[in-house]
Amino acid sequence: MAQVKSGYLLVLVLVLVLASPSLSNASSIFPGFIKWHVYVMNELKKQGLLVHCQSKDDDLGSHEVSEGGNFTWSFRTDFSHSTLVWCHVKKNNNNGCDSGASFDVFWYDEHLFGKCHWKNCLWRVRDDGIYLTTLYETQTQEFYYHWGATRHA
């Protein structure tokens, strides 16, 4: 009987929170309900980009992204708030000089969620490094990673 009451209580709390007019964005409390979209955009000058992204559960494979193109995918976070996605990118040079970087593109962090406007994380790969587009009222480019970065779990 106690389990039934706690189940009803949980449903009641969820309904009250989602219906509350004081919460303009209930998804900020329940990010697991959001369908996230991650974009890795090739903004290199006159060269292709090799992109390989994965999480501990999913390997999205390797993709060649032409100049001006992007690799994108969508997902929902897990309820334990442990979703982490990282990518390895490499300049696709014809001269054999390959520069690369490994970096996190999604992790559970409310600051990141705000920068991604609670649904779209736009990563721009450029000749001088990797930027996150912050989607507040005005779009800004925030430098995050240098070429040669090796950051992932």
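In this predicted model, cysteine 116 is buried, with a relative accessible area of 0%, and cysteine 121 is likewise buried at a relative accessible area of 0%. Cysteine 116 and cysteine 121 form a disulfide in which the sulfur atoms lie 2.1 Å apart, and the torsion about this S-S bond is about 110°, so the disulfide is right-handed.

**Disulfides**

- The count of disulfides comes to 2, and when the bonded cysteines of the protein are numbered in sequence order, the pairing reads 1-2, 3-4.
- Cysteine 53 and cysteine 87 form a disulfide with their sulfur atoms 2.0 Å apart, and this pair links distant parts of the chain, since cysteine 53 belongs to strand β2 and cysteine 87 to strand β5, 34 residues apart.
- The torsion about the S-S bond of cysteine 53 and cysteine 87 is about 105°, so this disulfide is right-handed.
- Cysteine 53 is buried with a relative accessible area of 0%, and cysteine 87 is buried with a relative accessible area of 0%.
- In the strand pairing, cysteine 53 stands opposite cysteine 87 in β5.

**The four-stranded sheet**

- An open sheet of 4 strands is arranged in the order β3-β2-β5-β6, with antiparallel pairing.
- Strands β3 (59–65) and β6 stand at the edges of this sheet, and because each has a single partner strand, one side of each is left without a neighbour in the sheet.
- On average, and with direction ignored, neighbouring strands of this sheet are turned by 20° against each other.
- Strand β2 (residues 48–55) pairs with strand β5 (residues 84–92) in the antiparallel sense over 8 bridges, and within this pairing glutamine 54 stands opposite tryptophan 86 in β5.
- Strand β5 is joined to strand β6 (residues 100–107) by 7 bridges, the two running antiparallel, and here leucine 84 stands opposite tryptophan 107 in β6.

**The nonpolar core**

- The largest nonpolar core has 34 residues, and those with the most contacts inside it are Trp36, Val40, Leu49, Trp73, Val89 and Trp123.
- At least two residues of this core are supplied by each of β1 (36–42), β2, β4 (70–75), β5, β6, α2 (110–115), β7 (120–126) and β8 (129–135).
- Leaving aside residues up to four places away in sequence, valine 89 touches Val40, Leu49, Leu50, Val51, Ser99, Gly100, Ala101, Phe103, Val125, Ile130 and Trp147.

**Aromatic pairs**

- The count of aromatic pairs comes to 15.
- The rings of phenylalanine 75 and phenylalanine 106 have their centres 5.0 Å apart and their planes at 85°, so the pair is edge-to-face, given that planes over 60 degrees apart count as such.
- This pair links distant parts of the chain, with phenylalanine 75 in strand β4 and phenylalanine 106 in strand β6, 31 residues apart.
- Phenylalanine 75 counts as buried at 15% relative accessibility, because the cut-off for buried is under 20%, and phenylalanine 106 counts as buried at 1%.
- The rings of phenylalanine 106 and phenylalanine 113 have their centres 5.7 Å apart and their planes at 20°, so this pair is stacked, and both phenylalanine 106 and phenylalanine 113 are buried.
- Ring pairs link Trp36, Phe75, Phe106, Tyr108, Phe113 and Trp118 into a cluster.

Notes
Residues numbered from 1 in each chain as written. Predicted model: local features only at pLDDT ≥ 70, side-chain atom pairs only at ≥ 80, totals over all residues. Heavy atoms only, no water. Pairing = 2+ DSSP bridges. Axes fitted to C-alpha atoms, helices over the stretch in contact; angles between N-to-C directions. Disulfide = S-S within 2.5 Å. Buried < 20%, exposed > 50% of the residue type's maximum accessible area, 1.4 Å probe, protein only. Core = buried A, V, L, I, M, F, W, Y, C linked by side-chain atoms within 4.5 Å. Contact = heavy atoms within 4.5 Å. Phe/Tyr/Trp six-rings, centres within 6.5 Å; stacked < 30°, edge-to-face > 60°.
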